[in-house]
Each structure stands twice: as C-alpha cells, then as structure tokens.
Amino acid sequence: GQHELFIVLCASGFENIARARSALMFAALAASADYRTVLYCIQNAVDIMVKGGIEEQEKPQCGVPTLRQRLDEALEMGVEIQCCTQTMANKSIKEVDLLPGVKAAGAMSLIEMTSRSKGSLSF
C-alpha cells in the first residue's frame, strides 16, 4: 500500500553543518522505518544541495560523519530531497544546478505534504 509520509524540513546550511547533518540522519532513519520520507530544503539548506557545494564548503572533522556521507546514506535509503523553488529563485539557483536526484518543488507542495504526513521534524 501507500507508505505513510514523513517530512523533514531543513533551513540550516553551511552556517550550521551539524543541524544539516542531523536533518539528513533523521530523514534516513525515517526512510529506514519504511516511511516515504521527503527532506524539504529551504533557505540555507538549499546551498547544500547545489553541485560542488559540500566539497567547497565543508571541512571534514576527524571521527565526525561528513555531510556527503549523511547525504549518500539518505539517498540510499530512498529519501526524496526537494528544494524550495522560491528559495532557489532568490539565490539564482536552477534545477540543473542541484545534485542528481534532488528536485525543485513549490512551497504549496510542502504544505500539502505536511498536511497529510504522519509527522514532521524541522532543523
């Protein structure tokens, strides 16, 4: 049947990598528990989903998982990643600039999905 929907909203970007990593980790966990999980990125979180952004911005720390590792885990678990089209427009980011598998989605889709989700978390 239709998997129950779980939403993770992330507004944190390279200014708070720990929060962004947490958003990805919780999204991967929800997906592993068989929720259809959507990670919706607004504001600074969109920067993380731009090709080359992580490599340019993140300084890996010893013993701490990198954003790239968390992102790869989330995608492997089947997390759907969406970026807010309004944020993208404000930052002059086009859909072709996003990482493979990451899609642009309007704000109304977030409201619609959240209204029928089993739960949501924000980072």
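User: Is Cys10 buried or exposed?

Analyst: Buried means under 20% relative accessible area, exposed over 50% and partly exposed in between, with a 1.4 Å probe and protein chains only. Cys10 has a relative accessible area of 4%, so it is buried. Cys41 is buried too, at 1%. The model is predicted: local features need pLDDT of at least 70, side-chain atom pairs count only at pLDDT 80 or more, and totals for chains, interfaces and linings use all residues. Residues are numbered from 1 along each chain as its sequence is written, and side-chain values use heavy atoms, with hydrogens and water left out.

User: How many disulfides does the structure hold?

Analyst: A disulfide is a pair of cysteine sulfur atoms within 2.5 Å. The structure holds zero. For Cys10 the closest cysteine sulfur is in Cys41, at 5.7 Å, which is too far for a bond. Cys41 is in no disulfide either; its nearest cysteine sulfur belongs to Cys83, 4.5 Å away.

User: Why is strand E1 described as largely enclosed by the rest of the structure?

Analyst: Strands (E, at least two residues) and helices (H or I, at least four) are DSSP runs, numbered from the N terminus. E1 covers residues 5–10, and five of its six residues are buried, so the rest of the structure largely encloses it.

User: Which strands does E1 pair with?

Analyst: Two strands pair if DSSP finds at least two bridges between them. E1 runs parallel to E2 (residues 36–41), joined by six bridges; within this pair, Leu5 has Arg36 as its bridge partner. Four bridges join E1 to E5 (residues 119–122), also parallel, and here Val8 is partnered by Leu121.

User: What unit do E1, helix H1 and E2 make?

Analyst: A crossover is right-handed if, with the strands pointing away from the viewer, the path from the first strand over the helix to the second runs clockwise. E1, H1 (residues 17–32) and E2 make a right-handed β-α-β unit.

User: What pattern does the protein follow along the sequence?

Analyst: The pattern is β-α-β-α-α-α-β-α-β-α-β, from six helices and five strands. The radius of gyration, taken over C-alpha atoms, is compared with a globule rule of 2.2 Å times the number of residues to the power 0.38. The protein has 14 Å, close to the 14 Å that the rule gives for 123 residues, so it is as compact as a globular protein of that length. Of the 123 residues, 43% count as buried.
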